[in-house]
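Here is a short tour to read alongside the sequence and the 3D view. Take a look at the fold, and then let us walk through a few of its residues and contacts together.

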Amino acid sequence: MEEYAGETMSMGTALVRTAFVVDAVYADSVREFDLTMQQAQLLCVLIPRPYGMFELAKTLNLAKSSISGLVDRSEKRGLVRREADPGDGRAFRVVLTDKGAELAERFHDETTKRVAELPLGLSDEERDVLVGLLTRIVADNHVPVVFSESGCPSTKDCTE
């Protein structure tokens with residue numbers, strides 16, 4: 001395996017390689033918690049509140065048939081349940097079960113901790129700058145809230 005030798009990388013290369021290392025940490029967590037990548041994303045999205053199927057498909061960037069299958073498989077494992085949508089009698093929302101909520105919180109906390117350890121070689125000031133820059137990249141590209149801070153400061157922050 002090629003090692004990083006301190007060479008300067010282009011922006012694209014640096015971001016792709018950063019994504020690679022974050023994906024590897026995420027994949028390790030998924031395996032440890034006996035989840036698929038999509039199940040882990042679903043559980044983390046549902047931590048703050050229930051979602052309708054259309055909203056889930058849009059947030060997770062999945063086709064309607066894919067989100068239905070994902071919810072079905074997660075429901076069979078006892079991680080989520082469907083409940084009637086109080087605003088629309090024809091629709092339903094997907095809600096974490098107690099088992100799903102406990103697993104989602106443990107997975108989220110452990111994965112966040114592991115990813116946060118990646119830049120420990122940076123100074124406090126460098127980490128602050130990195131967080132600020134990454135926050136701007138996420139905001140500028142309208143990245144949906146698939147993985148957020150534990151607990152959202154307001155409902156608005158969790159629904160954008």
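Where is the place of Arg49? Arg49 sits in the loop between helix H2 (37–46) and strand S1 (51–52). Please keep in mind that this is a predicted model.

- The side chain of Arg49 makes a polar contact of 2.6 Å with the side chain of Glu55.
- Thr97 is found in the loop between S3 and H5.
- With a relative accessibility of 14%, Thr97 is buried too.
- At 2.9 Å, the side chain of Thr97 reaches the backbone nitrogen of Gly100.
- Leaving aside residues up to four places away in sequence, Thr97 touches Gly78, Leu79, Val80 and Arg81.

**How H2 meets H4**

- The axes of H2 and H4 come within 10 Å and cross at roughly 85°.
- Because of this angle, H2 is roughly perpendicular to H4.
- On the H2 side the contact is made by Gln38, Gln39 and Leu42, and on the H4 side by Leu70, Arg73 and Ser74.
- By type, the residues of the contact of H2 with H4 are two nonpolar, three polar and one charged.

**Ile67 in H4**

- Ile67 belongs to helix H4 (residues 64–76).
- Is Ile67 buried or exposed? Ile67 is buried, with a relative accessible area of 1%.
- Not counting residues up to four places away in sequence, Ile67 touches Met53, Leu56, Ala57, Leu60 and Leu62.
- The C-alpha atoms of Ile67 and Gln38 are 9.3 Å apart, while the two residues are 29 residues apart along the chain.

**The largest nonpolar core**

- The largest nonpolar core has 26 residues, and Leu35, Leu56 and Val80 have the most contacts inside it.
- At least two residues of this core come from each of helix H1 (11–32), H2, helix H3 (53–60), H4, strand S3 (88–96) and helix H5 (98–116).
- Which element gives the largest share of this core? That is H2, with six residues.
- Val80 touches residues including Leu42, Leu43, Leu46, Val71 and Ser74, again not counting those up to four places away in sequence.

Terms used:
Residues numbered from 1 in each chain as written. Predicted model: local features only at pLDDT ≥ 70, side-chain atom pairs only at ≥ 80, totals over all residues. Heavy atoms only, no water. Helix = DSSP H or I, 4+ residues; strand = E, 2+ residues; numbered from the N terminus. Buried < 20%, exposed > 50% of the residue type's maximum accessible area, 1.4 Å probe, protein only. Contact = heavy atoms within 4.5 Å. Polar contact = N/O pair within 3.5 Å; in protein donor to acceptor, adjacent residues only side chain to side chain. Axes fitted to C-alpha atoms, helices over the stretch in contact; angles between N-to-C directions. Parallel < 35°, antiparallel > 145°, perpendicular 65-115°, else oblique. Nonpolar A, V, L, I, M, F, W, Y, C, P; charged D, E, K, R; others polar. Core = buried A, V, L, I, M, F, W, Y, C linked by side-chain atoms within 4.5 Å.
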